[in-house]
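Hello,

Here is the structure I promised to pass on. Please load it first; my notes follow below.

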Amino acid sequence: MIIKRSMLMILLLSFIVAGCGNRGIPVIKQELLDKKLSVLMLSSVNLSQTAKDSIGSALQKWRDANFIAYDWINDLSAVDDRVLTKLKASSYDYIYVIGNDLFPSANGVIQQGLNPGKWTLLQSQLDVNGSASTAIEQAALLQIDSQQIENLKNQWIQNLMAQNVTVEWVTRSDRPIPSAWAPSEEADHIVLLDNNEQWFQQLAFQTRQHYAAWIIFYSPATEAQLQKAKTLGTSVIDVSNSLSAELNWPQILDDRLLVMTSKSWQKGALNYNEKELTELKMK
């Protein structure tokens, strides 16, 4: 009798367990598995610590909340053999390259077509040398609005001109000074760097002759050139590299997540929006 009761209890327990099924145990639905995305994140060694921390946090969020698998190769100085190995071994839905200095090497890899993933290049700073200009034929490019940059430079120079200060301009022959800033009758206020080994002597002479209050490099200058000009005791600025930008990396990465989940990726250049670029100013 006791044995029969024991067997009955065991039978009842088995029915209860079967009835409970998988309650309390998280199960990933097949439809989620089918939609699961994969990402390869490539980031520059020259990124700020804030940017690096934001990338790490975003990737964890993408994985935990959106089931996005990822590989992250950070502190890169170029898109190197480690990246090529990853691209050949795995298929990615999206590939991100963060850092202007990685764009030249990334452009060459993109053109090889090693991976079917959608490439997105993200500027990490103002692009003084135009390093991103050839990297958008097969990729998306997130950049700081070049027109906004020019508008800010123009406004600063116009404000300076309104003070009636005397300016000596330093540039190259392929970057002429706008006539609104240096009319043709003031050509003796311009010094050309290219094919002019005596540029500094000429600049020193003109600065003294005109009692110039400012020396403005209109074309990009080296640090050595800037320091040499500063020895003349006059305010010096490289207007091509005179701005600073503050990027909101958590917002930028949240917006990339939205692009992935909404399947709205498109190749070509796109400017950071006002929430992603929080500040642009003269240094």
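Which residues in α3 meet which residues in α9? On the α3 side they are Ala 51, Ser 54, Ile 55, Ala 58, Lys 61, Trp 62 and Asn 66. On the α9 side they are Trp 249, Pro 250, Leu 253, Asp 254, Arg 256, Leu 257, Met 260 and Thr 261. By type, the residues of this contact divide into nine nonpolar, three polar and three charged. Bear in mind that this is a predicted model.

The geometry of that pair is as follows. Helix α3 spans residues 49-66 and helix α9 spans residues 249-261. They pack at an angle of about 35 degrees, and their axes are 9 Å apart. The crossing of α3 past α9 is right-handed.

Next, the cores. The largest nonpolar core has 40 residues. Trp 62, Trp 169, Met 260 and Tyr 272 touch the most other members. Elements giving two or more residues to this core include α3, α9, α6 (146-162) and β6, along with β1 (38-44) and β12 (277-282). A second, separate core holds 20 residues, among them Leu 76, Val 109, Ile 110 and Trp 119.

Trp 62 deserves a look of its own. Leaving aside neighbours within four places in sequence, Trp 62 is in contact with Leu 253, Arg 256, Leu 257 and Met 260, among others. Its contacts also include Val 39, Met 41, Phe 67, Ile 68 and Tyr 96.

Now the sheet. Four strands form an open sheet with parallel pairing, in the order β7-β6-β8-β9. β7 (190-192) and β9 (235-238) are at the edges with a single partner strand each, so one side of each has no neighbour in the sheet. On average, neighbouring strands are turned by 20 degrees against each other, direction ignored. Strand β6 (residues 167-171) pairs with strand β8 (residues 214-217) over four bridges, in the parallel sense. Helix α7 (residues 199-210) lies across β6, β7 and β8, and runs at about 175 degrees to β7.

Last, the loop between α7 and β8. Ala 212 lies in it. Is Ala 212 buried or exposed? Ala 212 counts as buried because its relative accessibility is 10%, and the cut-off for buried is under 20%. Beyond its neighbours within four places in sequence, Ala 212 is in contact with Thr 166, Glu 168, Thr 207 and Thr 234. Ala 212 and Ser 235 are 23 residues apart in sequence, with 9.0 Å from C-alpha to C-alpha.

Best wishes

Conventions. Residues are numbered from 1 along each chain as its sequence is written. This is a predicted model: local features need pLDDT of at least 70, side-chain atom pairs count only at pLDDT 80 or more; totals for chains, interfaces and linings use all residues. Side-chain values use heavy atoms; hydrogens and water are left out. Two strands pair if DSSP finds at least two bridges between them. Axes are lines fitted to C-alpha atoms, for helices over the stretch in contact, and angles run from 0 to 180 degrees between N-to-C directions. Contact means heavy atoms within 4.5 Å. A crossing is left-handed if the near helix is turned anticlockwise from the far one by less than a right angle, and right-handed if clockwise. Ala, Val, Leu, Ile, Met, Phe, Trp, Tyr, Cys and Pro count as nonpolar, Asp, Glu, Lys and Arg as charged, and the others, Gly among them, as polar. Buried means under 20% relative accessible area, exposed over 50%, partly exposed in between (1.4 Å probe, protein chains only). A nonpolar core is a set of buried Ala, Val, Leu, Ile, Met, Phe, Trp, Tyr and Cys residues joined through side-chain atoms within 4.5 Å.
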